[in-house]
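Please consult the sequence and the coordinates alongside the text.

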Amino acid sequence: MEDKFYNLKQVSELLITPIPYLRKLIKEEKLKGHYIGRQYIISEKELKEFINTLGVKQI
């Protein structure tokens, strides 16, 4: 099974959240992300785990 990865712009659009706030969450280790090259990459699994910690139900 292949993981899907998102950059901060894609996550920002999905969560309707500003990119600087996502960077803050990563630095505070509330959202797991990996700095690769010159951008953060977040796996779909890590994104779902973060959403679950917020108590949001998925459709």
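## Basis

Helices (H or I, at least four residues) and strands (E, at least two) are DSSP runs, numbered from the N terminus. The model is predicted: local features need pLDDT of at least 70, side-chain atom pairs count only at pLDDT 80 or more, and totals for chains, interfaces and linings use all residues. Residue numbers start from 1 along each chain as its sequence is written, and side-chain values use heavy atoms, without hydrogens and water.

## The sheet

An open sheet is formed by 3 strands in the order β1-β3-β2, with antiparallel pairing; two strands pair if DSSP finds at least two bridges between them. Because β1 (5-7) and β2 (34-36) each have a single partner strand, they stand at the edges, and one side of each lacks a neighbour in the sheet. From one strand to the next, the twist averages 40°; axes are lines fitted to C-alpha atoms, for helices over the stretch in contact, and angles run from 0 to 180 degrees between N-to-C directions.

Strand β3 (residues 39-43) is joined to β2 by 3 bridges. I41 in β3 is the bridge partner of H34.

## Helices on the sheet

Helix α1 (residues 8-15) packs on the sheet and touches β1 and β3, its direction making about 90° with that of β1. Contact means heavy atoms within 4.5 Å. Helix α3 (residues 44-53) runs at about 75° to β3 and lies across β1, β2 and β3.

## Residue S43

S43 belongs to strand β3. Its relative accessible area is 7%, so S43 is buried (under 20%; exposed is over 50%, partly exposed in between; 1.4 Å probe, protein chains only). Apart from neighbours within four places in sequence, S43 contacts K4 and F5. The S43 side chain also reaches the backbone nitrogen of E46 at 3.1 Å.

Definitions and conventions: Polar contact = N/O pair within 3.5 Å; in protein donor to acceptor, adjacent residues only side chain to side chain.
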